[in-house]
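Take a moment to look over the chain before reading on. The report below walks through it part by part.

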Amino acid sequence: MADVLVIKPMLPSVIEALEENFTVHKLYEADDPSAFLTSIGSRVRGVATSGHTGVPPEIMHKLPNLEIVSSFGVGYDAIDPEDCRRRGIIVTNTPDVLTDAMAEITLGLMIALCRKIPQADAYMRAGHWTAKGNYPLTSELTGKTVGIFGLGRIGKEVARRAQAFKMQVVYCGRNEQPYEPYPYFADVVEMAKVSDWLISIVPGSAATDRIIGRRVFDALGPDGYFVNVGRGSTVDEEELVKVLTEGRIAGAALDVFEDEPNAPEALFALDNVVLSPHQGSATRKTRWAMGDLVVRNLKAHFAGLPVITPV
Ligand code: NAP
Ligand code: 8YV
């Protein structure tokens, strides 16, 4: 059985399946991780990790015979696939299996934000409905234009669901996708100008770092809503807090933050914000499927087969 290193705790279903198929080494259980790696590092041929953790350099350099990094999550911000390619290491991620869950939470956040579902719930629980009367009127999605920044696997499923809510879809990315039926914008600022809603679902990368900032929010305007389900790193959070506080955009729903699990505290006091602790893919079904794919990629590789979802 091939030796596989698990860097941080993973779902019990993943650990169980790994243990059935491989000799598993749990770095997170080691009292002295450095000594542990020195003793088993040269035997390790596979790593199971997440896109947030990757394989930090101090671990990588103790794994001279590493062949494959199987990562949990579709985003792989902490992994440099080019560097791995140069070292002859295969990288896999978990696309597709989380796409529907992600699209669901995106639409859920949009409805929660414009219909003020969390606030109305709190209003009723506090007894205000009986004491003060009806909750103030809210806004709706129907007829609005949604600009999708990143029309990839998840973006396309968000687009389908937004159309079911009778919204118009436009999109922005580096490349026009001629077979998609939606108007294309090469520039996110230009797209924000025509959008009532801006949904960001681009990967975190040097190219997208804080790409959403003052110019985008000014283009979105005081009636515009912003939703980030991609990566916190793509947003200038200081500017976001400012535009929300000053009412320069109507509101924001955020599932991802630059310094998770921390978020700018100023957001907690704002009424025009819905917050979600990076739980886009966090359903039992989807997380199980992601973990299963982590294991299946390792099994395929060590059976001499092509991996299922290479990066
Ligand atoms: P995908 O299929 O690769 O789609 C990414 C899209 O972003 C592509 O359409 C791509 O289009 C666009 N894009 C990439 N780099 C860009 C850039 N520099 N500027 C503008 N557009 C760019 O990936 P996916 O499966 O939809 O996942 C997208 C991301 O969602 C992941 O990378 C991850 O960060 C995030 N995510 C978050 C959660 C969560 O729990 N909140 C869960 C899953 C995924 P072009 O190539 O044309 O630019
Ligand atoms: C996960 C994600 O929560 O897939 C991604 O890119 O952000 C989420 O699905 C995360 O990666 C789990 O580590």
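This is a predicted model: local features need pLDDT of at least 70, side-chain atom pairs count only at pLDDT 80 or more; totals for chains, interfaces and linings use all residues.

The chain is divided into two domains. Domain 1 takes in residues 3-97 and 285-302. Domain 2 covers residues 99-275. Taken over C-alpha atoms, the centres of domain 1 and domain 2 are 33 Å apart.

How many residues of each domain are in contact with the other? On the side of domain 1 there are 8, and on the side of domain 2 there are 5. The size of an interface is often given as the accessible area lost when the parts come together. Here the area buried between domain 1 and domain 2 is about 580 Å². Carbon and sulfur atoms give 43% of that area. Three residues stand out on the side of domain 1: His 52, Asp 77 and Asp 96. They supply 58% of the area that domain 1 buries against domain 2, more than any other three residues.

Now the polar side of this interface. Between domain 1 and domain 2 there are 2 residue pairs in polar contact. By class, the side of domain 1 that touches domain 2 has 3 nonpolar, 3 polar and 2 charged residues. The interface also holds 1 salt bridge.

## Helix 11 and its ends

Helix 11 runs over residues 237-245. Which of its residues are buried? They are Glu 237, Glu 239, Leu 240, Val 241, Val 243 and Leu 244. The helical partner is helix 10 (214-220). The strands are strand 10 (225-228), strand 11 (251-254) and strand 12 (273-275).

What caps the N-terminal end of helix 11? Asp 236 does. A side-chain oxygen of Asp 236 lies 3.3 Å from the backbone nitrogen of Glu 238.

After helix 11 comes Gly 247, with a positive phi near 70 degrees. Gly 247 sits in the loop between helix 11 and strand 11. It counts as partly exposed because its relative accessibility is 36%. Gly 247 and Leu 267 are 20 residues apart in sequence. In space their C-alpha atoms are 13 Å apart.

## Backbone details in the loops

Lys 116 has a positive phi, near 55 degrees, although it is not a glycine. Lys 116 lies in the loop between helix 5 (99-114) and helix 6 (117-125). At 23% relative accessibility, Lys 116 is partly exposed.

Arg 210 also has a positive phi in a residue other than glycine, near 50 degrees. Its place is the loop between strand 9 (197-200) and helix 10. Arg 210 is partly exposed, at 43% relative accessibility.

Where is the peptide bond from Glu 260 to Pro 261, cis or trans? It is cis, with omega near 5 degrees. Pro 261 is found in the loop between strand 11 and strand 12.

## Salt bridges

How many salt bridges are there by the rule used here? The count comes to 19. The table gives some of them.

| Pair | N to O distance |
|---|---|
| Arg 86 and Asp 83 | 3.9 Å |
| Glu 157 and Arg 160 | 3.5 Å |
| Arg 210 and Glu 258 | 3.0 Å |

An α-helix has 3.6 residues a turn, so residues three or four places apart point the same way. Arg 86 and Asp 83 both lie in helix 4 (residues 81-86), 3 residues apart. Arg 86 is exposed, at 63% relative accessibility. Asp 83 is partly exposed, at 22%. Glu 157 and Arg 160 both lie in helix 8 (residues 153-164), again 3 residues apart. Arg 160 is exposed, at 54% relative accessibility.

Glu 258 is partly exposed, at 36% relative accessibility.

Some salt bridges join into a network. Arg 214, Asp 218, Glu 239, Glu 246 and Arg 248 are linked in this way. Of these, Glu 239 is one of the buried residues of helix 11.

How values were computed:
Residues are numbered from 1 along each chain as its sequence is written. Chains are lettered from A and ligands numbered from 1 in the order in which they are written. Side-chain values use heavy atoms; hydrogens and water are left out. Domain bounds come from an automatic or database domain assignment. Contact means heavy atoms within 4.5 Å. Buried area is the accessible area (1.4 Å probe) that two parts lose on being put together, summed over both. A salt bridge is a side-chain nitrogen of Lys or Arg within 4 Å of a carboxyl oxygen of Asp or Glu. A polar contact is a pair of N or O atoms within 3.5 Å; within protein, one must be able to donate a hydrogen and the other to accept it, and residues adjacent in sequence count only if both atoms are side-chain atoms. Ala, Val, Leu, Ile, Met, Phe, Trp, Tyr, Cys and Pro count as nonpolar, Asp, Glu, Lys and Arg as charged, and the others, Gly among them, as polar. Buried means under 20% relative accessible area, exposed over 50%, partly exposed in between (1.4 Å probe, protein chains only). Helices (H or I, at least four residues) and strands (E, at least two) are DSSP runs, numbered from the N terminus.
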